[in-house]
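The sequence and structure are shown first.

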Amino acid sequence: MPELPEVESYCRYCSSVALGKKISKVKTGSRKVLEVSASTLRRHLLHNKLSSCKRHGKYLLMGISDGYLLSMHFGMSGYLDYAREEAPEHTHLSLTLPAGGELVYVCPRKFGRISIAESADAFVKEKGLGPDAMEISKKDFAEKISGYNGSIKGALMNQGLVAGIGNVYSDEILYQEGLLPERKASRLESKKLKKMHSAMKRILNTAIRNKAEREEFPARYLAGRRQEGSSCGICSGKIKKKIHLGRPTYFCPNHQK
Ligand SMILES: [Zn+2]
């Protein structure tokens, strides 16, 4: 499932291939993925340009030259690509650009969402999103997490507290910080949470630098060893899997306490 680093790489990709180019054709796919009608999308996009691209949490927000924003969420399996020939299967939005190629939003499982927003601030408010994980201050992070009534993993994945972290990166942060996922968020000391904030930024930066390609991450990372029984990259323990909050959760019971 695309989390902050994946969406950041789509954002950078989109900026490099699509900005400032006039859209000559708009094609839409499944109605399930579109939160606005196909005709609304066409009205905003056709013969206009994408003027900017930014990310908030797991959402991509592209500025349109008519002043509105095109928002995208990638659900479980979505991604953004540039198709030079035929658009791939499961394309739900395709924008034809001058050179003939198409910027395509692909989402096989249809859990992603596409919409039009008036402004980034209004969008973030409407979706109830907390500050972006790359932007949130240490103090704000510690306050929000310690005020959460539930597990630390649940707090990290709660988009209303801090936006951008999902299942894989919450596991990674807790693994690197030596904390079990079910530890109660409100019981963690502020000092620990501030250290966790630094770890979160370091991990996300590493992931972004590696274009979210998990096999390129440093060897000690959990992301490349998410398999029951694989060796821990930090100690001599073995990785375990359990279901926590309905999500497959990987951790090392030897060094995570
Ligand atoms: Zn370990």
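## Helices on the sheet

The model is predicted. Helix α2, spanning residues 38–45, lies across strands β2, β3 (59–64), β4 and β8. The direction of α2 is at about 55° to β8. Helix α3, formed by residues 120–127, also packs on the sheet, where α3 touches β2, β3, β4 and β8. The direction of α3 makes about 150° with that of β3.

## The antiparallel sheet

The open sheet consists of 4 strands in the order β2-β3-β4-β8, with antiparallel pairing. Its edges are β2 (50–56) and β8 (113–117), each of which pairs on one side only. On average, neighbouring strands of this sheet are turned by 20° against each other, direction ignored. In general, strands of a sheet pair through backbone hydrogen bonds.

Strand β4, comprising residues 69–73, is joined to β8 by 5 bridges, and the two run antiparallel. Within this pairing, L70 has I116 of β8 as its bridge partner.

## Surroundings of C14

Residue C14 belongs to helix α1, which covers residues 4–18. With a relative accessible area of 0%, C14 falls under the 20% cut-off and is therefore buried. Leaving aside residues up to four places away in sequence, C14 touches L19, C53, M62, L80 and L103.

## The buried face of α4

Helix α4 runs over residues 138–146, and F141, A142 and I145 are buried there. Viewed down the axis of α4, these buried residues fall within an arc of 95°, so they line one face of the helix. An α-helix has 3.6 residues a turn, so residues three or four places apart point the same way. The elements that cover the buried residues of α4 include α5 (152–157) and α7 (190–209).

## The zinc site

The zinc ion is coordinated by the SG atoms of C232, C235 and C252 and by ND1 of H255, at 2.1 to 2.3 Å. Along the chain, these donors follow the spacing C-x2-C-x16-C-x2-H. The angles among the 4 donor atoms are 102 to 120°, and the site is tetrahedral. For four tetrahedral donors, the ideal angle at a metal is 109.5 degrees.

C252 is buried, with a relative accessible area of 0%. H255 has a relative accessible area of 17%, which is under 20%, so H255 is buried.

Conventions
Residues are numbered from 1 along each chain as its sequence is written. This is a predicted model: local features need pLDDT of at least 70, side-chain atom pairs count only at pLDDT 80 or more; totals for chains, interfaces and linings use all residues. Side-chain values use heavy atoms; hydrogens and water are left out. Two strands pair if DSSP finds at least two bridges between them. Axes are lines fitted to C-alpha atoms, for helices over the stretch in contact, and angles run from 0 to 180 degrees between N-to-C directions. Contact means heavy atoms within 4.5 Å. Buried means under 20% relative accessible area, exposed over 50%, partly exposed in between (1.4 Å probe, protein chains only). The arc is that of the directions from the helix axis to the C-beta atoms. Donors are N, O and S atoms within 2.8 Å of the metal (3.2 Å for Na, K and Ca); water is not among the atoms, so sites may look incomplete. Four donors count as tetrahedral if all angles lie between 85 and 135 degrees; four count as square planar and six as octahedral if opposite donors are over 155 degrees apart and all others between 65 and 115; anything else is irregular.
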